[in-house]
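Trainee: I would like to learn how to read a model feature by feature. Where do we begin?

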Amino acid sequence: MIDYRDEAPQVLRDFLSYHETIKAHSQKTVDEYFLDLRNFFRYIKQSRDRTLRDLDLDEISIMDVDIGLIRSITLTDVYGYLTYLSRDRAQQHNSGKTAYGLSATTRARKIATLRSFFNYVTQKAHLLEENPIKELDSPKLKKTLPRYLTLDESMDLLEHVDGVHSERDYCILTLFLNCGLRISELIGLNMTDIQDDALRVLGKGNKVRIVYLNDACKTAISRYLAVRRPITGRDENALFLSSRDQRISRSNVHALVKKHLSHAGLDSAQYSSHKLRHTAATLMLQHGVDVKAVQEVLGHEHLNTTEIYTHIDNEALRVAARANPLGRVKPPKE
């Protein structure tokens with residue numbers, strides 16, 4: 001975990017604190033904001049000070065960044081920074097074999113950070129009279145549909161769960177495939193979050209939602225709880241435990257998902273725990289669940305995030321295409 005309070009000037013600390021306390025963003029999100037802004041201001045300082053040109057960007061301190069420097073930033077500066085990101089920024093730091101130039105998706109995320117920061121200093125802190133990047137465009141992103149398992153592949157995955165932690169792993173996979181949980185939500189589950197036929201889920205931005213459990217989920221949870229070891233200490237209330245009797249970690253879950261995908265003969269390089277969340281959303285929509293209900297289950301803040309799943313392989317669209325009477329018209333014979 002990064003302690004930005006030791007490495008950020010006051011104006012950045014205020015912005016990050018605002019997102020952590022007022023906007024209730026996760027520590028991970030706040031850390032990413034800090035890293036994005038630190039990189040941006042390092043670039044700005046280096047581009048304006050010739051004495052810094054021989055330094056690696058990561059060696060430049062931003063502790064002297066103040067509102068005077070921020071006021072001097074123009075849209076041209078930001079476009080120069082985006083050119084640096086697309087051409088010269090290392091994709092993998094601390095690697096001698098890294099490629100250079102960040103993807104459009106990564107650059108778009110960094111632009112979102114800059115927008116958020118300049119909106120804050122303009123509209124919340126009132127340190128600027130006008131936002132210098134309000135006309136900033138984002139990189140054009142390729143629209144890709146989420147990858148997901150079919151119903152048969154999902155059933156194959158569940159049928160091939162084995163091993164010493166089979167009850168735990170089966171329960172985890174069942175919750176992913178039926179409830180569409182994020183991995184952070186799953187590892188954060190506590191015993192007390194099980195409430196009869198419902199699950200209390202702590203989602204993004206510390207927002208709590210209730211996800212109702214179907215029979216498969218309730219059975220999987222009951223089977224797992226029957227073999228779950230009682231422990232004491234910091235993680236005694238954690239629902240899912242590692243082999244070391246600690247709350248299961250993100251890396252543990254990624255590993256078990258990959259393992260069972262491979263056992264089921266599925267390409268573990270193409271799928272992940274997040275793809276199982278996509279699978280849950282897709283199967284719900286394909287089998288008649290209203291998109292608004294799916295939005296609530298998944299904990300999406302905006303409906304358009306959920307609606308991407310409505311464009312995935314949908315039998316109803318095939319039926320509609322076949323129902324068109326012109327679909328049976330044959331071309332004239334030559």
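Predicted model: local features only at pLDDT ≥ 70, side-chain atom pairs only at ≥ 80, totals over all residues.

Trainee: What do the buried residues of α6 pack against?

Mentor: Three helices: α7 (166-179), α10 (250-263) and α11 (273-286).

Trainee: Let us take α7, then. Is C171 buried or exposed?

Mentor: C171 sits in helix α7. Its relative accessible area is 1%, so C171 is buried. The cut-off for buried is under 20%.

Trainee: Which residues is C171 in contact with, beyond its neighbours within four places in sequence?

Mentor: A220, I221, Y224 and F240. Look also at S222. C171 and S222 are 51 residues apart in sequence, yet their C-alpha atoms are 9.0 Å apart in space.

Trainee: Now a loop residue. Where is S242?

Mentor: S242 lies in the loop between α9 (215-227) and α10. Loop residues need the accessibility check too. S242 has 7% relative accessibility, so S242 counts as buried.

Trainee: Which residues does S242 touch, leaving out those up to four places away in sequence?

Mentor: S242 touches R168, R229, R247, I248 and N252.

Trainee: On to strands. How do strands of a sheet pair?

Mentor: Through backbone hydrogen bonds, either parallel or antiparallel. Here, an open sheet of three strands runs in the order β1-β2-β3, with antiparallel pairing. The edge strands, β1 and β3, each pair on one side only.

Trainee: How many bridges join β1 to β2?

Mentor: Two, with β1 covering residues 194-195. Take them one at a time. I194 has L199 of β2 as its bridge partner. Q195 stands opposite A198 in β2.

Trainee: How many bridges pair β2 and β3?

Mentor: Five, in the antiparallel sense.

Trainee: Which residue takes a positive phi in the hairpin of β2 and β3?

Mentor: G205, with phi near 65°. That hairpin has five residues between the strands.

Trainee: What should I know about side chains in a strand?

Mentor: In a regular strand, they alternate between the two faces of the sheet.

Trainee: Which residues make the nonpolar surface patch?

Mentor: L202, V208, I210 and Y212, with an area of about 400 Å². Ask next which element supplies them. The largest share, three residues, comes from strand β3, residues 208-212. L202 belongs to strand β2, residues 198-202.

Trainee: Why does L202 count as partly exposed?

Mentor: Because its relative accessibility is 43%. Exposed means over 50% and buried under 20%, with partly exposed in between.

Trainee: Can you recap the reading order?

Mentor: Start with the buried side of α6, made by S154, L157 and L158. Go on to the buried residues C171 and S242. Then trace the sheet in the order β1-β2-β3. Finish with the nonpolar patch, where β3 gives the largest share.

Methods:
Residues numbered from 1 in each chain as written. Heavy atoms only, no water. Patch = residues over 30% accessible without salt bridge, like charges linked within 9 Å, V, L, I, M, F, W, Y side chains within 5 Å. Areas by Shrake-Rupley, 256 points an atom, 1.4 Å probe, with all protein chains shown as cover. Salt bridge = Lys/Arg side-chain N within 4 Å of Asp/Glu carboxyl O. Helix = DSSP H or I, 4+ residues; strand = E, 2+ residues; numbered from the N terminus. Buried < 20%, exposed > 50% of the residue type's maximum accessible area, 1.4 Å probe, protein only. Contact = heavy atoms within 4.5 Å. Pairing = 2+ DSSP bridges.
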